Structure formats: structure tokens, C-alpha cells
Amino acid sequence: MDLQEPDVEEGIKYWENTPATLDGVLGGFGSGTLPRVDSLGSRQFLQSLIPSLCTVPSVLVPLSAASSDAPGRRTRALEIGAGIGRVTSSVLLHLIDDIVTIEPVHKFVEKAIEDSIRWKGIKDKKKSVTFMRGALQGFDPTKRLDDQEIDFHCHRVGYEGEDEEGFDVVWCQWALGHLSNADLVRFLKQSKKTLRASQSGKQRENGVIVVKENVCSDEKGGPAIVFDPEDSSLTRSNKAWYEIFKAAGLTVIREEVQHGLPSGLYEVKMYALR
Ligand code: SAH
């Protein structure tokens, strides 16, 4: 197994030299079918995990049950390595009220803030997004946003009510390869502590962490890690992910391969964890 560690500074430098566009954050796959296939897959996965997030009736949530759970309580998500806000705008804002994003690259955060006026629920102040600029290594999700390290900068758009605590969803996509195993385990352990219990009391609707990442092949039946010197990131195999989840005290409650992505890419998997 390749034990090379990702270099945080090198990783951020790579992204600082990448355009603040869909093509940029998606490695050249921004103009084909990938964004739509990816976001639809993510929405379906999330709805199937927490059916009460649906605000419209669907096969998963009949008319009578849609939006009936947790009237009054706003739902809250954390998105890490959020780039220009692609996942927040195309997945999370369709299902969640208040979102906090973590992203280290200045120009990505600025682009997201600029675009956010067109995102669902922002102009009419029904929903909110709080943009935190900084690297995940310095972020502790168990602390309030104003108690984070001083080099985190914060900007909020949309709904202006009181900030709540805890998360119904922690979404991690295509960014965890920039963290060493130790940093990743620390972050996941802390994230687990922030997951909220469902207001309906139904355990299966409690908060959830979703990891949607590239997965390389296991090696000789064991965990494998591939280091990419271009952006100083790691790609982990399925068994390598399972080792991380176990070390963080998390259980995989569901996993799914994202089908329909262009060929030639790594397999992309969604893991739902509690
Ligand atoms: N998750 C987004 C962006 C993917 S690109 C999407 O799916 O569209 C990878 C993102 O991870 C970039 O925005 C990059 O700046 C961010 N990133 C790199 N190093 C990071 C770190 N140490 N902490 C948090 N995010 C990081």
C-alpha cells in the first residue's frame, strides 16, 4: 500500500490554480452529463436515507407524509470541500433549509457567493447558506461557527434567523482525498457527534454523514491507496474507506455506486454513515 500522505498546502495550491467553473471543480467533466447524473443520484440517495426531507410527494414519500415530519424545526447540513457550491445548489438546497459550507480557496467561495442569489430559497430568504473559508483540517464541526479558528472567514446569505446547532446531513464529496487518514478520522469522529436525532423519534431518520468519493481497487483483497502527485491527493479503495469508517466509530448503513458517469473515471461510491 502506498503510504504517501497528501500535502494540504500543495492540494490547496492546485485548486487555487484551477478556474472557478464547473469544468474546473469537476476536472473537465462540467459540460457533459456528469453534473446532472451526479446531482440526481445524490438527491435520490439522500431522500431514500431521510424520507422526511422530501417536501413534495414522491414514490418514497406519499402526499400525506411529505413535510409532515418536524414542522417548525429547520433542517441543517454541512458540506465540506464545497468548491463553487455545486452540491449545495444542485442537491442540498432542494432538500435542506440551512447549509454551512467549508472551502479553502478564496475565488471558489467568492464565485459561490456571487451565484448564490440565484440558488433555491436564497433571494426570498427562505433558506440560508453560510460560507466558511478555510481548510477542513482547521475546522471542528462540534464547535459553533463563531468559535472556529481565527483564519476562518464567514459570510451568510438568505434566511436570517438564529443559527442552530448540529446537522441532519454532513456531505463530503470529492474532497476527502486531500486529508490524511488521521485528519479524516478526527473530522468524521467529530461529525458523528454533531448528527441530530430525528424530531419524529424515528431512528432511521436521524442525521447522516454521506461520503461520495472516487474508489480505486483493493489490492490482493486488502486496502489500497493511490497517491496523485498532480493535486497531492489520495484515492482510497473500498477496504481503505471501511478502515477509516471503523476507526471513526461509524457504521455504513447504506452504500451505492453512482451509475451513469462517463467511462474512464474511477468508480464513484456513496456511503451513508452514522
Ligand atoms: N465538492 C465539490 C468540489 C470538488 S473539487 C464538488 O463536488 O463540486 C475539490 C474541492 O476540495 C476544491 O474546491 C478544493 O479547494 C477543496 N479542498 C482542497 N483541499 C481541501 C482541504 N484541505 N479542506 C477542504 N477542502 C479542500
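# Reading the pocket, the ligand and the cavity

Q: How many residues line the largest pocket, and which of them lie nearest its centre?
A: In this predicted model, the largest pocket is lined by 50 residues, and those nearest its centre are Trp-15, Val-25, Trp-174, His-178 and Asp-231. The volume of this pocket is about 1100 Å³.

Q: Which elements each supply at least two residues of that lining?
A: A lining can be read element by element, and here the list consists of the helices α1 and α4 together with the strands β1 (76–80), β2 (98–103), β6 (208–216), β7 (225–228) and β8 (233–237). The largest share comes from α1, which contributes 5 residues to the lining of the largest pocket.

Q: What does the lining of the largest pocket look like by class?
A: Sorting the lining of the largest pocket by class gives 29 nonpolar, 13 polar and 8 charged residues.

Q: Where does the ligand sit?
A: A molecule is assigned to a pocket when more than half of its atoms lie within 2 Å of the grid points of that pocket, and in this structure the ligand sits in the largest pocket.

Q: How many residues surround the ligand, and which are the closest?
A: The ligand is surrounded by 21 residues, of which Gly-81, Arg-86, Glu-103, Gln-137 and Gln-173 are the closest. By class, this shell has 13 nonpolar, 5 polar and 3 charged residues.

Q: How many cavities of 30 Å³ or more are counted, and which residues line the largest cavity?
A: A cavity differs from a pocket in that a probe fits inside but cannot get out, and the count here comes to 1 cavity of 30 Å³ or more. The largest cavity holds about 30 Å³ of space, and its lining consists of Ala-82, Gly-83, Gly-85, Thr-101, Glu-103, Val-109, Ala-112 and Phe-131. Both β2 and α5 (106–115) give two or more residues to this lining, which divides into 4 nonpolar, 3 polar and 1 charged.

Terms used: Residues numbered from 1 in each chain as written. Predicted model: local features only at pLDDT ≥ 70, side-chain atom pairs only at ≥ 80, totals over all residues. Heavy atoms only, no water. Near = heavy atom within 4 Å. 1 Å grid on protein atoms, 1.4 Å probe; cavity = no way out; pocket = protein on both sides within 12 Å on 5 of 7 lines; lining within 4 Å. Nonpolar A, V, L, I, M, F, W, Y, C, P; charged D, E, K, R; others polar. Points joined across faces, edges and corners; volume = space filled by probe spheres on them. Helix = DSSP H or I, 4+ residues; strand = E, 2+ residues; numbered from the N terminus.
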